[in-house]
Amino acid sequence: MSERELRTFCRVCEPACGLVASVRDGELVRLRPDRAHPVTRGFACNKGLAGVEIHRDPDRLDFPLRRGERGAAERVSWDAAIEGIAGSLRAILAESGPEAVAMYVGNPTAFNTLARPAMGAFAAQLGPIRNFSSGTQDCANKFAGSEAVFGSSTIHPIPDLDHTDFLLVFGANPRVSHGSFISIADPMKKLRELRARGAKVRFVNPRAIESAEPGELVQIRPDTDVYLMAALLHELAQNGGLDRALLRERGAHVDELLSFVARFPAERAASVTGVPAATVRALARELAAARGASLHMSTGVNMGRQGTLAYWLLHMLSFATGNLDRRGGNILSLGFYAAAKAGRRDFARSFADTEFGRLRRGGLPGNLLADAILGGGGRTPIRALIVVAGNPLLSIGGEERMREALAKLDLLVCIDLYKNATGEYAHWLLPSADMFERADVNITGLGLQHEPWIQFTDAVVAPRAERREEWWIFAQLAQALGLRGPEIRGVASTTCCARAVTRSTRSAPPIPRWCSSRSRPAGSTPSSCRRPTARSTAARPNSRRRWRAPRRSSPSSQPRARTGSS
């Protein structure tokens, strides 16, 4: 038996830790941390290393399934599944229009380079369908908050952990979850280094978390972080802790900000948060005294009732104290392209009136999905739902109502690794490839990396059984509906890794070409898709090429922040 090792990376969470996959006779048999990786340096957690068990799990979805007449799932061919789904969609679109069609997209698609573009292109051609996202359950507040402050939803200054003297963390427990909106492989090692050089760390959390050392935990009542943040800003304003010169030069609506936080002095905030006024003042003194103070906030606050306001206040704490874009403060992490431009939008035009009130444009809140199916608000009820890598029945509150809604659908398609609880109601179950069965780029950490880098990985092994990548599934559905999609014939170029494609059947999918012209001869590669000149990509034998981007932005490029409402 022949065995070889291939370098790849994990796609469970943002750090994308480097892995070495052992492949024997075409089968994935083992995973270990990549000690030669220039950034993650041999760190990988149990979730990533367990990927081989998920890949080989006999309970995986391996074949397309259709709900039979008696409710039991029966195996069908990909041709039958695609034609059956397309036929149902065609009928629903003709009878009720695109408003009757919706998609729910789960978290794993954020770590899948080709899935999101494929889904977006497919949905856009159907018309104004409704798109729901799991991001609205755990992080959409951050996109909205940064859009309001910086004018771009993709600017999220991260703590400068290498130089900070004071780190204040709200709603995070990195020993358990690694963290979010800061991509770092081994955050606990970084915290140990930070403490060893004398920096102070403070965790604000309702429970005694595993990450905090003695004296570092500030316990707070759940969902009251905004009041503590406002009280800290007020204390800093009252005691000379704000950078007034910076606020005059680069701030807008500063008076409105100070007037807002003045309503929450330490004593009043203490009655809500449970954090004693003396502790609030001590935190404010520590923050003001630090040469560089950094702040971070994660899902424990994001998922509360006031997540967007909390993130705005976090930005204000960093900016108003002069710690934004400052050594040891919060810095802009550069990605491998100008990510800020991708998220640029006029905040004043970011909202639209809907049947549920005024909502931010983009993915609809997942907790409105059941209402939209059951006809809430007087709009056309959703009749067809495509769920990709998600399980809204269990991940969204109100299970009983969601069960009622899912049972009412005329068409439910679930694309996933497993038949989950939502899939129990599906008319069609389609098996998706896992992360070791597809090519990818570590795109999720873009603009969030403590140490910026990029890595491409090809598929480690071919998809087992009849598993298929999401882009391929949507390409087939588009073709069946007469829509445009990625061209399956020709030369693969999406991942900038030209590779000849000899077959284009549903049983053997190649990598797609995302090209706009249908008339381009098969086998040609458009200039916009050709392999770019590699930058700093000297590769070792048997390694994937990695480009380590410049570490961070220049402090001289400090953005102008909006501090109050306009």
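**Exercise 1.** Determine whether Asp 440 is buried or exposed in this predicted model, and identify the salt bridge that joins Arg 438 and Asp 440 by its N to O distance.

*Solution.* 
Step 1. The relative accessibility of Asp 440 is 0%. Buried means under 20% relative accessible area, so Asp 440 counts as buried.
Step 2. For Arg 438 the relative accessible area is 7%, and this residue is therefore buried as well.
Step 3. The side chains of Arg 438 and Asp 440 form a salt bridge, with 2.6 Å from N to O.

**Exercise 2.** State how far apart the closest N and O atoms of Arg 130 and Glu 355 are, and where in the chain the two residues lie.

*Solution.* 
Step 1. The closest N and O atoms of Arg 130 and Glu 355 are 3.5 Å apart. A salt bridge requires a nitrogen and a carboxyl oxygen within 4 Å, and this pair forms one.
Step 2. Arg 130 belongs to strand 7 (residues 130-133), whereas Glu 355 is in the loop between strand 15 (351-354) and strand 16 (357-360). The pair thus links distant parts of the chain, 225 residues apart.
Step 3. Arg 130 is buried, at a relative accessible area of 2%, while Glu 355, at 24%, is partly exposed.

**Exercise 3.** Explain why the salt bridge between Glu 5 and Arg 32 ties together parts of the chain.

*Solution.* 
Step 1. In this salt bridge, the closest N and O atoms of Glu 5 and Arg 32 are 2.9 Å apart.
Step 2. Glu 5 is found in strand 1 (residues 3-9) and Arg 32 in strand 3 (residues 27-33), so the pair ties together parts 27 residues apart in sequence.
Step 3. Glu 5 has a relative accessible area of 41% and is partly exposed; Arg 32, with 35%, is also partly exposed.

**Exercise 4.** Give the number of salt bridges and name the residues that are linked in a network of them.

*Solution.* 
Step 1. The count comes to 38 salt bridges.
Step 2. The network links Arg 60, Asp 62, Asp 434, Glu 437 and Arg 467.

**Exercise 5.** Describe the surroundings of Ala 73: which residues does Ala 73 touch, not counting residues up to four places away in sequence?

*Solution.* 
Step 1. Ala 73 is located in strand 5 (residues 73-75) and is partly exposed, with a relative accessible area of 41%.
Step 2. Leaving aside residues up to four places away in sequence, Ala 73 touches Leu 65, Arg 66, Arg 67 and Lys 419.
Step 3. Ala 73 and His 427 are 354 residues apart in sequence, yet their C-alpha atoms are 8.5 Å apart in space.

Terms used: Residues are numbered from 1 along each chain as its sequence is written. This is a predicted model: local features need pLDDT of at least 70, side-chain atom pairs count only at pLDDT 80 or more; totals for chains, interfaces and linings use all residues. Side-chain values use heavy atoms; hydrogens and water are left out. Helices (H or I, at least four residues) and strands (E, at least two) are DSSP runs, numbered from the N terminus. Buried means under 20% relative accessible area, exposed over 50%, partly exposed in between (1.4 Å probe, protein chains only). Contact means heavy atoms within 4.5 Å.
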